[in-house]
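Try each task before you read the solution below it.

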Amino acid sequence: MLRHAPHLVDRACVPAIDAHAHLGRWLTSDSSWIAPDVGALLGLMDECNLEAVVNLDGRWDRELDENLERYDHAHPGRFFTFCHLDWSQLDVPGGTDALVRSLERSAARGARGLKVWKDLGLSVRVGGRLVRSDDPLLAPIWDAAGSLGLPVVVHTADPAAFFEPVNRFNERVEELRRHPSVSQASVGPDGFRRLLDAFEATVAAHPATTFVGAHVGGFPEDLSWVDALLRYPNVAIDVSARIAELGRQPRAAAALIERHADRILFGTDLLPIDAARYRVYFRALETLDEHFPYSADGVPPHGRWAISGLGLPRAVLEQVYAGNARRLLHL
């Protein structure tokens, strides 16, 4: 019997930029840094052939300053920090103008882009009304980002299964039972599609602003929808935290990436950054290996399936791994 050794990929075949990473402290329960040892992080980056990492945890004002000092200023060219906005300000008079000023301050401090988390569309409210990305209140903010040259990374919705009932028919039922708070079953599939429509409407209405649809635009389960979204020249997508979805439809995923090679960004959303989990991405993107685990963890974290490699050409990998991020960051 012929046996084929797996192509274990220790490092990216060309220098890479992780365009979707978390290095700050707003996501930790004790306000500690996600990357407690920056020297060790740099060593891991060198080991994996990571040229740079985009830190999406800058927040605003003092927290932004401290992220910039710890990463961007201390290690020029290796880290690029994005800011956030305090959406609670929308619910006070003049809130939109205040957020535009906050964005301007963050840009002046050195933020390289704006990160919009999924709370916009799922929980942010003004006067009790749910605010989605296409709300007119936000239009001046998106225009300001464009004027400032800041790309806007938008996390829209969550995996489609999160919006389905948590029962035996849900392909992520084990994950949802382990983490019941992530279920969006009360929003439902119609609410999920409304979030996607809002993001597309936002991209269409602000052609002078560059948007990045995090997590394959929010709908990797339907690559035809993602393909249609990419008809707008001012939008890109990253592949962060969705290699499990891309790898179970490898031919369609590879075709999509090759067709839009100038607007696909490598990103991982690893918490924390870890060499073994990077290597799953490298293997998935670079090889044609079949039916291997999408996670370095023992139990599949999302669903009980395996993935196959996309086998992207080197010229495409050069764009996806770093070329597109360099252009986005004006490097």
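What follows is a set of exercises on this predicted model, each with a worked solution.

**Exercise 1. Work out how helix H1 and helix H11 run relative to each other, and which residues make their contact.**

Start with the geometry. H1 covers residues 38-48 and H11 covers residues 275-286, and their axes come within 11 Å and cross at roughly 30°. Next, apply the cut-off: angles under 35 degrees count as roughly parallel. H1 and H11 are therefore roughly parallel to each other. The handedness comes next: H1 passes H11 in a right-handed crossing. Now for the side chains and who touches whom. H1 brings Leu44, Glu47 and Cys48, while H11 brings Ala275, Tyr278, Arg279 and Phe282. Sorted by class, the residues of this H1 and H11 contact come out as 5 nonpolar, no polar and 2 charged.

**Exercise 2. Zoom in on leucine 64: is it buried or exposed, and what does it touch?**

Then check its accessibility. Buried means under 20% relative accessible area, so at 0% leucine 64 counts as buried. Now look at its partners. Setting aside neighbours within four places in sequence, leucine 64 is in contact with Gly58, Arg59, Thr81, Phe82, Cys83, Ser106, Arg109 and Ala111. Take cysteine 83 from that list: it is 19 residues from leucine 64 in sequence, and 6.6 Å from it in space, C-alpha to C-alpha.

**Exercise 3. Describe how H3 packs with H5, and give the class make-up of their contact.**

Helix H3 runs over residues 95-109; H3 and H5 pack at about 20°, with axes 9 Å apart. That angle makes H3 roughly parallel to H5. H3 passes H5 in a right-handed crossing. On the H3 side, the contact is made by Thr96, Leu99, Val100, Leu103, Glu104 and Ala107; on the H5 side, by Pro140, Ile141, Ala144, Ala145 and Leu148. By class, the H3 and H5 contact holds 9 nonpolar, 1 polar and 1 charged residues.

**Exercise 4. Check the span of helix H7 against its residue count, then find what covers its buried residues.**

H7 has 18 residues (188-205), and at 1.5 Å a residue it should span 26 Å. The end C-alpha atoms are 26 Å apart, which agrees. Now the buried positions of H7: Gly188, Gly191, Phe192, Leu195, Leu196, Ala198, Phe199, Glu200, Thr202 and Val203. The elements that cover them include helices H4, H5 and H8, and strands S7, S8 and S9.

**Exercise 5. Find where phenylalanine 219 sits and which residues it contacts.**

Phenylalanine 219 is in the loop between S8 and H8. Its relative accessible area is 8%, so phenylalanine 219 is buried. Leaving out neighbours within four places in sequence, its contacts are Ala160, Phe192, Arg193, Leu196, Trp225 and Val226.

**Exercise 6. Look at the backbone: what is the phi of histidine 215 and of histidine 291, and is each buried or exposed?**

Histidine 215 has a positive phi of about 55°, although it is not a glycine. Histidine 291 also has a positive phi of about 55° and is not a glycine. Now their surroundings. Histidine 215 lies in the loop between S8 and H8, and at 2% relative accessibility it counts as buried. Histidine 291 lies in the loop between H11 and helix H12, and at 66% it counts as exposed.

**Exercise 7. Identify the geometry of the peptide bond from leucine 271 to proline 272.**

Read the omega angle: it is near -5°, and the bond is cis. Proline 272 is found in the loop between strand S10 and H11.

Notes
Residues numbered from 1 in each chain as written. Predicted model: local features only at pLDDT ≥ 70, side-chain atom pairs only at ≥ 80, totals over all residues. Heavy atoms only, no water. Axes fitted to C-alpha atoms, helices over the stretch in contact; angles between N-to-C directions. Helix = DSSP H or I, 4+ residues; strand = E, 2+ residues; numbered from the N terminus. Parallel < 35°, antiparallel > 145°, perpendicular 65-115°, else oblique. Left-handed = near helix turned anticlockwise from the far one by under 90°. Contact = heavy atoms within 4.5 Å. Nonpolar A, V, L, I, M, F, W, Y, C, P; charged D, E, K, R; others polar. Expected span 1.5 Å × (residues − 1). Buried < 20%, exposed > 50% of the residue type's maximum accessible area, 1.4 Å probe, protein only.
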